[in-house]
Amino acid sequence: MSDVKWGMVVDVDKCSGCQACVIACMSENNIPINLDRDFTENRSIAWIRVERYWEGEYPDVKARFLPVLCQHCGNAPCEPVCPVYATFHNDQGMNIQVYNRCVGTRYCANNCPYHARYFNYRRPTWPETYNNYLNPDVTVRDRGIMEKCSFCVQRINAATRIAKREGNEDAIAGLQTACAQACPTDALVFGNLNNPNSEVSQLYDDERSYVLQESIGTQPNVRYLKKIDEHAAEKAHAH
Amino acid sequence: MKNKIKPLIIIAVLLGIVGVFVGLAPRAVAFVYPIPENEVVFPHDFHAGTLALECQFCHTGAEENRGANVPALEQCMFCHKVAGLENPQAKEVRAAWEAEEPLNWVRQHRLPDHTHFQHEPHITAGFECSTCHGDVAGMKQVVQIKTEKGGDLKMGDCVACHKENGAPAQCSTCHN
């Protein structure tokens with residue numbers, strides 16, 4: 001399995017900011033429901049979030065959307081600062097968070113340039129009717145634990161098991177994270193970067209491809225495809 | 001006289017209040033061991049030993065699912081509609097079936113928090129149930145087996161076996 005390297009491409013041109021990925025991720029990964037106070041205290045948890053940027057002046061305004069998740073950096077700033085080795089890099093290019101080891105120092109979140117790590121300031125609670133809706137394959141993180149996007153590692157593990165049992169790689173080839181599966185415009189594409197035929201590895205080297213905060217040198221496994229602005233040429237001409 | 005009795009009464013009342021709260025306080029929970037026995041004793045030694053039933057005849061999930069499953073009452077009634085009619089324990093099972101109330105089996109094997117064990121890959125890889133569960137066919141009441149050093153099975157035992165057999169042994173294999 002070490003010939004696999006998981007990665008994702010986010011096509012910003014296709015993203016309509018609908019937040020389906022956020023909801024899909026929350027229900028897949030047992031993320032607690034954020035209440036008003038979580039937002040006002042800046043303690044809300046969302047492993048993938050759609051950042052919104054306003055451009056221009058009223059009435060000529062545009063909203064730009066940018067889905068941000070853990071970039072699974074090849075040179076991750078969060079990893080060396082963990083005193084208990086609770087976050088590490090595995091042989092499939094993923095940045096793994098180990099809840100058992102985490103002691104809640106929050107160094108990793110402070111060192112993450114993408115703000116992709118979230119700390120459980122409270123014990124997560126759900127309405128009682130939600131008890132049977134939680135995903136049994138994912139741990140419910142308790143208070144004092146750091147958490148972040150896992151690239152749906154439970155799905156990767158399950159697909160690996162199925163592939164091994166059935167003796168073919170179909171399950172791995174068809175693997176999708178919850179966010180990529182939910183995306184109505186296919187703006188999120190997940191897959192194996194080491195497979196030259198996979199959609200993600202073809203998009204990875206697209207001419208529109210760029211990396212968030214490239215100057216830091218984190219070498220993420222998540223790349224973004226630039227938005228094509230049809231009015232950009234006009235604007236440039238006007239100036 | 002009255003002056004002497006008054007403080008005594010106050011102390012008695014206070015002690016009474018404290019007593020009530022101590023009585024109502026939740027009992028200290030004994031962690032994991034010893035596990036309470038089942039109300040209806042399921043004789044594994046008879047079913048798996050004398051009758052030599054396959055484990056997966058009742059624990060149907062082991063080959064395909066994460067859990068091996070504590071069988072539903074329906075699975076018991078597969079045989080007990082006609083078998084063991086005179087047996088007092090089997091009678092309890094039938095009574096529960098007729099009353100349409102599930103039996104409250106007590107689970108003997110529990111995983112620690114943040115740990116996900118999958119039966120399916122282990123069974124598919126050809127391991128015997130007894131590798132981890134011990135000689136269930138010889139146990140009247142199932143108990144967890146001890147390692148050679150006398151302790152319970154721990155993560156070290158999982159990791160040692162995984163490394164021995166070339167199975168993935170990174171954290172995210174079981175902890176996610």
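Trainee: Where in chain A is the place of A:I145?

Mentor: A:I145 sits in the loop between β6 (117–119) and β7 (146–148) of chain A. Strands (E, at least two residues) and helices (H or I, at least four) are DSSP runs, numbered from the N terminus. This is a predicted model, where local features need pLDDT of at least 70, side-chain atom pairs count only at pLDDT 80 or more, and totals for chains, interfaces and linings use all residues. Residues are numbered from 1 along each chain as its sequence is written, while chains are lettered from A and ligands numbered from 1 in the order in which they are written.

Trainee: Is A:I145 buried or exposed?

Mentor: We count C-beta atoms, placed from the backbone: 20 or more others within 10 Å means buried, 12 or fewer exposed, and in between partly exposed. A:I145 is buried because it has 21 C-beta neighbours inside 10 Å. Across the 239 residues of chain A, 32% count as buried.

Trainee: Which residues does A:I145 touch, leaving out those up to four places away in sequence?

Mentor: Two residues are in contact if their C-beta atoms, placed from the backbone, lie within 7 Å. A:I145 touches A:Y99, A:C102, A:G104 and A:N120. Also, the C-alpha atoms of A:I145 and A:F119 are 6.0 Å apart, although 26 residues separate the two in sequence.

Trainee: How many residues of chain A are in contact with chain B?

Mentor: There are 15, and they meet 13 residues of chain B. Helix α4 (residues 153–166) of chain A gives the largest share of chain A's side, five residues.
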